[in-house]
Amino acid sequence: MSEQQHATVPAPPTDVPPPPVPLQAEPPARKDRRVLRAALRWTSAVVAFAAIGAGTAYGITRMERTDVPGLATESDGRWEYPTLTKPPLPSGSPQPFAEENKAGTHYADLRALLLPAPKGAGEDKALRGDDGWLATKDFLAEYADKLERDMFRQELVDHGLRHIAARGWTTQDGTHTRIYLLQFDTAAVVDELMADVAVYGSPAYRVRGTEASAQDEDFSELPWPGETLRVAYAEAKPYGAEQVRHAYLSAGDVIALIVQSRKGSARAVPFQQTVTLQSQLLG
(Lines give C-alpha, C1' and ligand atoms only; values in the text may rest on other atoms or scores of the structure.)
Protein backbone atom coordinates (compact mmCIF):
# COMPACT_ATOMS: atom_id res chain seq x y z
CA MET A 1 0.00 0.00 0.00
CA SER A 2 1.35 3.45 -0.92
CA GLU A 3 1.94 6.34 1.43
CA GLN A 4 -0.85 8.28 -0.29
CA GLN A 5 -3.31 5.53 0.44
CA HIS A 6 -2.21 5.47 4.06
CA ALA A 7 -2.82 9.21 4.25
CA THR A 8 -6.42 9.03 3.04
CA VAL A 9 -7.53 6.61 5.72
CA PRO A 10 -8.70 8.62 8.75
CA ALA A 11 -7.62 7.50 12.15
CA PRO A 12 -10.40 5.99 14.24
CA PRO A 13 -11.85 8.37 16.77
CA THR A 14 -10.77 7.77 20.31
CA ASP A 15 -13.72 9.42 22.08
CA VAL A 16 -16.55 7.24 20.71
CA PRO A 17 -17.72 4.52 23.13
CA PRO A 18 -18.00 0.97 21.85
CA PRO A 19 -21.49 -0.07 20.65
CA PRO A 20 -23.64 -1.50 23.40
CA VAL A 21 -23.85 -5.25 23.65
CA PRO A 22 -27.48 -6.25 22.85
CA LEU A 23 -29.32 -7.86 25.72
CA GLN A 24 -31.11 -10.86 24.30
CA ALA A 25 -32.03 -12.98 27.26
CA GLU A 26 -34.30 -10.82 29.40
CA PRO A 27 -37.12 -9.72 26.99
CA PRO A 28 -37.91 -13.26 25.77
CA ALA A 29 -37.96 -14.44 29.37
CA ARG A 30 -40.44 -11.72 30.31
CA LYS A 31 -42.51 -12.55 27.25
CA ASP A 32 -42.49 -16.22 28.14
CA ARG A 33 -43.67 -15.45 31.64
CA ARG A 34 -46.48 -13.26 30.30
CA VAL A 35 -47.62 -16.02 27.95
CA LEU A 36 -47.49 -18.57 30.76
CA ARG A 37 -49.47 -16.36 33.12
CA ALA A 38 -52.09 -15.74 30.47
CA ALA A 39 -52.46 -19.45 29.81
CA LEU A 40 -52.87 -20.18 33.51
CA ARG A 41 -55.43 -17.44 34.18
CA TRP A 42 -58.05 -19.78 35.53
CA THR A 43 -60.51 -18.51 38.10
CA SER A 44 -62.10 -21.84 38.79
CA ALA A 45 -60.41 -25.18 38.62
CA VAL A 46 -56.92 -23.71 39.16
CA VAL A 47 -55.21 -26.96 38.53
CA ALA A 48 -52.34 -27.91 36.27
CA PHE A 49 -51.14 -31.22 34.93
CA ALA A 50 -47.68 -32.19 33.81
CA ALA A 51 -46.73 -34.98 31.47
CA ILE A 52 -44.55 -37.71 32.94
CA GLY A 53 -42.74 -40.23 30.78
CA ALA A 54 -43.84 -41.14 27.27
CA GLY A 55 -47.56 -40.69 27.64
CA THR A 56 -48.94 -43.56 29.73
CA ALA A 57 -48.98 -41.57 32.93
CA TYR A 58 -49.17 -37.97 34.12
CA GLY A 59 -49.47 -36.19 37.42
CA ILE A 60 -51.97 -33.49 38.26
CA THR A 61 -50.95 -31.10 41.00
CA ARG A 62 -52.91 -28.46 42.84
CA MET A 63 -51.58 -24.94 42.32
CA GLU A 64 -50.98 -22.67 45.26
CA ARG A 65 -53.56 -19.92 45.65
CA THR A 66 -50.97 -17.14 45.37
CA ASP A 67 -49.78 -18.50 42.01
CA VAL A 68 -53.01 -17.59 40.24
CA PRO A 69 -54.13 -13.98 39.66
CA GLY A 70 -57.35 -13.16 41.47
CA LEU A 71 -57.19 -16.22 43.75
CA ALA A 72 -54.87 -15.06 46.50
CA THR A 73 -57.53 -15.29 49.22
CA GLU A 74 -58.49 -18.41 51.15
CA SER A 75 -62.26 -18.40 50.60
CA ASP A 76 -63.09 -19.66 47.12
CA GLY A 77 -63.95 -23.20 48.25
CA ARG A 78 -61.35 -25.10 46.27
CA TRP A 79 -60.81 -28.69 47.35
CA GLU A 80 -57.51 -30.42 47.99
CA TYR A 81 -57.25 -33.38 45.66
CA PRO A 82 -54.44 -35.92 45.84
CA THR A 83 -51.81 -35.99 43.13
CA LEU A 84 -53.32 -38.08 40.36
CA THR A 85 -51.56 -40.60 38.16
CA LYS A 86 -53.15 -41.91 35.01
CA PRO A 87 -53.14 -45.73 34.98
CA PRO A 88 -50.71 -47.50 32.66
CA LEU A 89 -51.93 -48.77 29.31
CA PRO A 90 -51.57 -52.37 28.17
CA SER A 91 -48.38 -52.83 26.19
CA GLY A 92 -48.68 -51.42 22.68
CA SER A 93 -52.05 -49.72 23.29
CA PRO A 94 -52.45 -46.08 22.20
CA GLN A 95 -53.92 -43.21 24.15
CA PRO A 96 -57.62 -42.45 23.42
CA PHE A 97 -56.82 -39.35 21.34
CA ALA A 98 -53.82 -40.81 19.50
CA GLU A 99 -54.03 -40.49 15.71
CA GLU A 100 -53.83 -44.26 15.26
CA ASN A 101 -56.70 -44.84 17.74
CA LYS A 102 -59.55 -44.19 15.32
CA ALA A 103 -62.22 -45.54 17.68
CA GLY A 104 -61.09 -43.34 20.58
CA THR A 105 -60.84 -46.42 22.81
CA HIS A 106 -59.76 -46.11 26.44
CA TYR A 107 -57.59 -49.20 26.90
CA ALA A 108 -56.92 -48.42 30.57
CA ASP A 109 -59.27 -49.86 33.19
CA LEU A 110 -62.21 -47.46 33.32
CA ARG A 111 -62.47 -47.83 37.10
CA ALA A 112 -58.93 -46.49 37.43
CA LEU A 113 -59.89 -43.37 35.46
CA LEU A 114 -62.40 -42.22 38.08
CA LEU A 115 -61.40 -39.09 39.95
CA PRO A 116 -60.67 -39.91 43.61
CA ALA A 117 -62.33 -38.06 46.46
CA PRO A 118 -60.67 -34.90 47.79
CA LYS A 119 -59.08 -34.74 51.21
CA GLY A 120 -61.52 -35.10 54.10
CA ALA A 121 -64.48 -36.35 52.01
CA GLY A 122 -66.65 -39.30 52.99
CA GLU A 123 -67.22 -42.03 50.39
CA ASP A 124 -70.65 -42.72 48.89
CA LYS A 125 -70.58 -46.51 49.25
CA ALA A 126 -73.80 -46.95 47.28
CA LEU A 127 -71.88 -46.15 44.10
CA ARG A 128 -69.28 -48.89 44.52
CA GLY A 129 -71.39 -51.31 42.51
CA ASP A 130 -70.38 -54.94 41.94
CA ASP A 131 -66.59 -55.22 41.69
CA GLY A 132 -66.51 -51.54 40.80
CA TRP A 133 -69.11 -51.75 38.02
CA LEU A 134 -72.44 -49.98 38.59
CA ALA A 135 -75.74 -51.41 37.36
CA THR A 136 -77.53 -49.35 34.71
CA LYS A 137 -80.63 -48.98 36.91
CA ASP A 138 -78.52 -47.43 39.67
CA PHE A 139 -77.07 -44.92 37.23
CA LEU A 140 -80.54 -44.07 35.90
CA ALA A 141 -81.71 -43.37 39.47
CA GLU A 142 -79.81 -40.07 39.04
CA TYR A 143 -82.66 -38.88 36.80
CA ALA A 144 -85.93 -37.55 38.17
CA ASP A 145 -88.65 -38.61 35.76
CA LYS A 146 -89.58 -42.28 35.23
CA LEU A 147 -90.57 -41.77 31.61
CA GLU A 148 -87.27 -40.05 30.91
CA ARG A 149 -85.39 -42.84 32.70
CA ASP A 150 -87.08 -45.40 30.45
CA MET A 151 -86.23 -43.36 27.36
CA PHE A 152 -82.62 -42.96 28.41
CA ARG A 153 -82.35 -46.67 29.24
CA GLN A 154 -83.42 -47.51 25.71
CA GLU A 155 -80.91 -45.05 24.28
CA LEU A 156 -78.15 -46.72 26.26
CA VAL A 157 -79.19 -50.12 24.93
CA ASP A 158 -79.44 -48.85 21.36
CA HIS A 159 -75.97 -47.33 21.56
CA GLY A 160 -74.37 -50.46 23.00
CA LEU A 161 -73.44 -49.41 26.53
CA ARG A 162 -70.67 -51.72 27.75
CA HIS A 163 -70.36 -50.84 31.44
CA ILE A 164 -70.47 -48.02 34.01
CA ALA A 165 -67.91 -47.09 36.64
CA ALA A 166 -68.94 -44.66 39.39
CA ARG A 167 -67.67 -42.90 42.50
CA GLY A 168 -69.26 -40.50 44.97
CA TRP A 169 -68.40 -38.56 48.10
CA THR A 170 -69.61 -35.84 50.46
CA THR A 171 -67.26 -33.09 51.60
CA GLN A 172 -67.30 -31.31 54.94
CA ASP A 173 -69.25 -28.37 53.51
CA GLY A 174 -72.10 -30.74 52.62
CA THR A 175 -71.49 -30.95 48.86
CA HIS A 176 -72.49 -34.36 47.47
CA THR A 177 -70.55 -35.36 44.34
CA ARG A 178 -71.36 -38.24 41.98
CA ILE A 179 -69.25 -39.20 38.96
CA TYR A 180 -70.32 -41.77 36.35
CA LEU A 181 -68.18 -43.02 33.46
CA LEU A 182 -70.12 -44.81 30.70
CA GLN A 183 -68.09 -46.72 28.11
CA PHE A 184 -69.26 -47.58 24.60
CA ASP A 185 -67.67 -49.26 21.58
CA THR A 186 -66.46 -46.21 19.67
CA ALA A 187 -66.13 -42.44 19.86
CA ALA A 188 -68.60 -42.13 16.98
CA VAL A 189 -71.30 -43.78 19.10
CA VAL A 190 -70.50 -41.40 21.98
CA ASP A 191 -70.73 -38.36 19.70
CA GLU A 192 -74.16 -39.45 18.53
CA LEU A 193 -75.46 -40.05 22.06
CA MET A 194 -73.99 -36.79 23.38
CA ALA A 195 -75.92 -34.89 20.73
CA ASP A 196 -79.14 -36.38 22.13
CA VAL A 197 -78.37 -36.04 25.85
CA ALA A 198 -76.14 -32.99 26.41
CA VAL A 199 -78.25 -30.44 24.58
CA TYR A 200 -76.96 -26.87 24.62
CA GLY A 201 -79.20 -24.53 26.58
CA SER A 202 -80.88 -27.14 28.78
CA PRO A 203 -80.36 -30.88 29.35
CA ALA A 204 -82.47 -33.49 27.57
CA TYR A 205 -83.04 -35.43 30.81
CA ARG A 206 -83.72 -33.79 34.16
CA VAL A 207 -81.49 -34.94 37.01
CA ARG A 208 -83.09 -35.59 40.38
CA GLY A 209 -83.49 -32.68 42.76
CA THR A 210 -84.03 -30.17 39.96
CA GLU A 211 -87.01 -28.47 38.38
CA ALA A 212 -85.16 -26.68 35.60
CA SER A 213 -81.48 -26.39 34.66
CA ALA A 214 -79.82 -24.02 32.23
CA GLN A 215 -76.44 -23.95 30.60
CA ASP A 216 -73.76 -22.80 33.03
CA GLU A 217 -72.60 -19.70 31.17
CA ASP A 218 -69.88 -18.82 33.70
CA PHE A 219 -68.28 -22.23 33.18
CA SER A 220 -68.78 -22.12 29.43
CA GLU A 221 -66.72 -18.94 29.14
CA LEU A 222 -63.70 -20.37 30.96
CA PRO A 223 -60.69 -21.69 29.02
CA TRP A 224 -60.94 -25.42 28.42
CA PRO A 225 -57.86 -27.62 27.94
CA GLY A 226 -57.59 -30.87 26.06
CA GLU A 227 -59.85 -32.53 23.52
CA THR A 228 -62.83 -33.54 25.63
CA LEU A 229 -66.21 -31.95 24.98
CA ARG A 230 -67.84 -30.30 28.02
CA VAL A 231 -71.47 -29.26 28.47
CA ALA A 232 -72.31 -27.93 31.95
CA TYR A 233 -75.58 -26.93 33.59
CA ALA A 234 -76.65 -25.17 36.78
CA GLU A 235 -80.09 -25.44 38.38
CA ALA A 236 -81.97 -22.24 37.72
CA LYS A 237 -83.57 -20.12 40.44
CA PRO A 238 -85.82 -20.49 42.25
CA TYR A 239 -84.61 -23.89 43.44
CA GLY A 240 -85.60 -25.78 46.57
CA ALA A 241 -83.60 -26.67 49.64
CA GLU A 242 -80.50 -27.43 47.59
CA GLN A 243 -79.02 -26.52 44.22
CA VAL A 244 -77.69 -29.02 41.68
CA ARG A 245 -74.95 -28.56 39.10
CA HIS A 246 -74.09 -31.21 36.54
CA ALA A 247 -71.94 -31.65 33.45
CA TYR A 248 -71.44 -34.13 30.64
CA LEU A 249 -68.01 -34.89 29.19
CA SER A 250 -67.33 -36.68 25.92
CA ALA A 251 -63.88 -38.28 25.71
CA GLY A 252 -63.34 -40.88 23.01
CA ASP A 253 -65.51 -43.92 23.77
CA VAL A 254 -66.54 -42.57 27.22
CA ILE A 255 -69.30 -40.25 28.39
CA ALA A 256 -68.91 -38.86 31.91
CA LEU A 257 -71.66 -37.39 34.05
CA ILE A 258 -70.58 -35.28 37.03
CA VAL A 259 -73.26 -34.15 39.50
CA GLN A 260 -72.85 -31.92 42.56
CA SER A 261 -75.61 -30.89 44.94
CA ARG A 262 -75.51 -28.84 48.11
CA LYS A 263 -77.97 -27.36 50.56
CA GLY A 264 -78.47 -23.68 49.82
CA SER A 265 -76.34 -23.43 46.69
CA ALA A 266 -73.83 -25.62 44.90
CA ARG A 267 -70.56 -23.74 44.72
CA ALA A 268 -69.11 -23.03 41.31
CA VAL A 269 -65.39 -23.42 42.01
CA PRO A 270 -65.31 -27.01 43.35
CA PHE A 271 -67.68 -28.03 40.57
CA GLN A 272 -65.45 -26.54 37.88
CA GLN A 273 -62.38 -28.01 39.55
CA THR A 274 -63.91 -31.49 39.72
CA VAL A 275 -65.10 -31.45 36.10
CA THR A 276 -61.73 -30.24 34.88
CA LEU A 277 -59.73 -32.88 36.74
CA GLN A 278 -62.01 -35.67 35.57
CA SER A 279 -61.65 -34.41 32.02
CA GLN A 280 -57.87 -34.49 32.27
CA LEU A 281 -57.91 -38.06 33.53
CA LEU A 282 -59.97 -39.10 30.49
CA GLY A 283 -57.94 -37.06 27.99
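Modeller: Helix α4 (residues 146-158) and helix α5 (residues 187-197) have axes that come within 11 Å and cross at roughly 165 degrees. Here helices are DSSP runs (H or I, at least four residues), numbered from the N terminus, and axes are lines fitted to C-alpha atoms over the stretch in contact, with angles from 0 to 180 degrees between N-to-C directions. α4 and α5 are therefore roughly antiparallel, the word for angles over 145 degrees. On α4, Phe 152, Glu 155 and Leu 156 make the contact, meeting Leu 193, Asp 196 and Val 197 of α5; contact means heavy atoms within 4.5 Å.

A word on the basis: this is a predicted model, where local features need pLDDT of at least 70 and side-chain atom pairs count only at pLDDT 80 or more, while totals for chains, interfaces and linings use all residues. Residues are numbered from 1 along each chain as its sequence is written, and side-chain values use heavy atoms, leaving out hydrogens and water.

Now to the rings. Phe 152 also belongs to a cluster linked by ring pairs, together with Phe 139, Tyr 143, Tyr 180 and Tyr 205. Rings of Phe, Tyr and Trp (its six-membered ring) pair if their centres lie within 6.5 Å, and planes over 60 degrees apart count as edge-to-face. The count comes to 11 aromatic pairs. Among them, Phe 139 and Tyr 143 are edge-to-face, 5.7 Å centre to centre with 75 degrees between the planes. Phe 139 is buried at 1% relative accessibility, where buried means under 20% relative accessible area (1.4 Å probe, protein chains only). Tyr 143 is buried too, with a relative accessible area of 1%.

Conventions
Helices (H or I, at least four residues) and strands (E, at least two) are DSSP runs, numbered from the N terminus. Angles under 35 degrees count as roughly parallel, over 145 as roughly antiparallel, 65 to 115 as roughly perpendicular and the rest as oblique. Rings of Phe, Tyr and Trp (its six-membered ring) pair if their centres lie within 6.5 Å; planes under 30 degrees apart count as stacked, over 60 as edge-to-face and the rest as tilted. Buried means under 20% relative accessible area, exposed over 50%, partly exposed in between (1.4 Å probe, protein chains only).
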